[in-house]
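Visitor: I would like to learn how to read a model like this one. Could you take me through it feature by feature?

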Amino acid sequence: GAVTSIGDMMISLPHDQEEWYHAASSDLGCPRAEDEEKLVREIKACIEEKDTLGGTFVLSAHGLPPGIGSHTEWDLRLDGRIAGAIMSIPAVKGVGIGCGFDLARMKGSMAHDEIFPSDQGGWSRKTNNAGGIEGGMTNGEELLVSVAMKPIPTLGKPLCSIDITNGKKKEAAFERSDVCAVPAACIVGEAMFCWVLAQAVMDQFGGDTLEDLKGRWKSYLRRVED
């Protein structure tokens, strides 16, 4: 996973594997050092303002073959399972697969991922707007899930609330608060993402032992590659 924005500072997605590696070693999950410096300044400024920041992060998974999930059963659709699991994380308010909400502003000719003959045989795509899932199933491309997290509600400058004993106006209580928990939520999101993908693979291939699972996985790969 990689943090792609904090507050209103938009950071572009990693462009290559090296940037994904940098994101994995970054305290903020940031793919580029120069972007991380900007995010640190934004967080420090918010500390001075006694405010909090939300943001977004992106989850990525490689190596899943086409056909994991279901196009017929609503509760087995992989995009639905992923969205439900990620939305269960506290403070998460939005989940998008691939280009997500941006797809609503595109024409069909720009939104859908065209299929082309591959020089190596078979077929290939030049875009991945669908984020690796079509019809509730993986399509063999990289799985991309974007997640939006709201700011923490406990502020150093407390918001207005009421005293429930008398109904009168009162400032919200303040004990302590992180300024930005997006990087921590990204780690939780990665764990939930992996859990759902592992469940989907087990549902599809089953097996009482890891050797059984590996055998069925390899057999399936041979079949879809043919």
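Guide: We will go from the overall fold to the cores, helices, pocket, cysteines and backbone.

Guide: This is a predicted model, so local features need pLDDT of at least 70 and side-chain atom pairs count only at pLDDT 80 or more, while totals for chains, interfaces and linings use all residues. Residues are numbered from 1 along each chain as its sequence is written, and side-chain values use heavy atoms, with hydrogens and water left out.

Visitor: How many helices and strands are there in the protein?

Guide: Helices (H or I, at least four residues) and strands (E, at least two) are DSSP runs, numbered from the N terminus. The protein has 6 helices and 11 strands. Its C-alpha trace spans about 70 × 40 × 40 Å along the principal axes.

Visitor: What share of the residues count as buried?

Guide: Buried means under 20% relative accessible area, exposed over 50%, and partly exposed in between (1.4 Å probe, protein chains only). Here 37% of the 226 residues count as buried. As for contacts (heavy atoms within 4.5 Å), among those between residues at least 6 apart in sequence, 61% join residues at least 24 apart.

Visitor: Which residues touch the most other members of the largest nonpolar core?

Guide: In soluble globular proteins, nonpolar side chains tend to be buried together. A nonpolar core is a set of buried Ala, Val, Leu, Ile, Met, Phe, Trp, Tyr and Cys residues joined through side-chain atoms within 4.5 Å. The largest one has 43 residues, and I82 and L143 touch the most other members. Elements giving two or more residues to this core include β1 (2-6), α2 (33-49), β3 (55-61), α3 (78-87) and β9 (143-149). The largest share, 9 residues, comes from α5. Leaving aside neighbours within four places in sequence, I82 is in contact with I133, L143, V145, F193, V196 and L197. There is also a second, separate core of 5 residues, with A2, W20, A23 and V58 among them.

Visitor: W20 and A23 bring me to helix α1. Which of its residues are buried, and which are exposed?

Guide: An α-helix has 3.6 residues a turn, so residues three or four places apart point the same way. In α1 (residues 17-25), E19, W20 and A23 are buried. Taking the directions from the helix axis to the C-beta atoms, these buried residues fall within an arc of 105°, so they line one face of α1. E18, Y21, A24 and S25 are exposed on the other side. The cover over the buried residues of α1 includes β1 and β3.

Visitor: And which are the buried residues of α3?

Guide: They are L78, R81, I82, A85 and I86. Their arc around the axis is only 120°, which puts them on the same side of α3. Among the elements covering them are β3, β4, β9 and α5.

Visitor: How much space lies in the largest pocket?

Guide: On a 1 Å grid over the protein atoms alone, a pocket is an open set of points with protein on both sides within 12 Å along at least five of seven lines, and lining residues have an atom within 4 Å of a point. The largest pocket holds about 550 Å³. It is lined by 22 residues, of which V58, G98, C99, D102 and S146 are the closest to its centre. The largest share of the lining, 4 residues, comes from β9.

Visitor: How many disulfides does the count come to?

Guide: A disulfide is a covalent bond between the sulfur atoms of two cysteines. The test is a pair of cysteine sulfur atoms within 2.5 Å, and the count comes to 0 disulfides. The sulfur of C46 is 8.3 Å from the closest cysteine sulfur, in C180, too far for a bond. For the sulfur of C194, the closest cysteine sulfur is in C186, at 11 Å, again too far for a bond. C46 is buried at 5% relative accessible area, whereas C194 is exposed at 52%.

Visitor: Which residues have a positive phi although not glycine?

Guide: Most residues other than glycine have a negative phi. K50 has a positive phi of about 55°, and A91 has one of about 80°. K50 is in the loop between α2 and β3 and is partly exposed at 49% relative accessibility. A91 lies in the loop between α3 and β4 and is partly exposed at 25%.

Technical notes:
On a 1 Å grid over the protein atoms alone, a cavity is a set of points where a 1.4 Å probe fits but cannot get out, and a pocket is an open set with protein on both sides within 12 Å along at least five of seven lines; lining residues have an atom within 4 Å of a point. Grid points are joined across faces, edges and corners, and a volume is the space filled by probe spheres set on the points.
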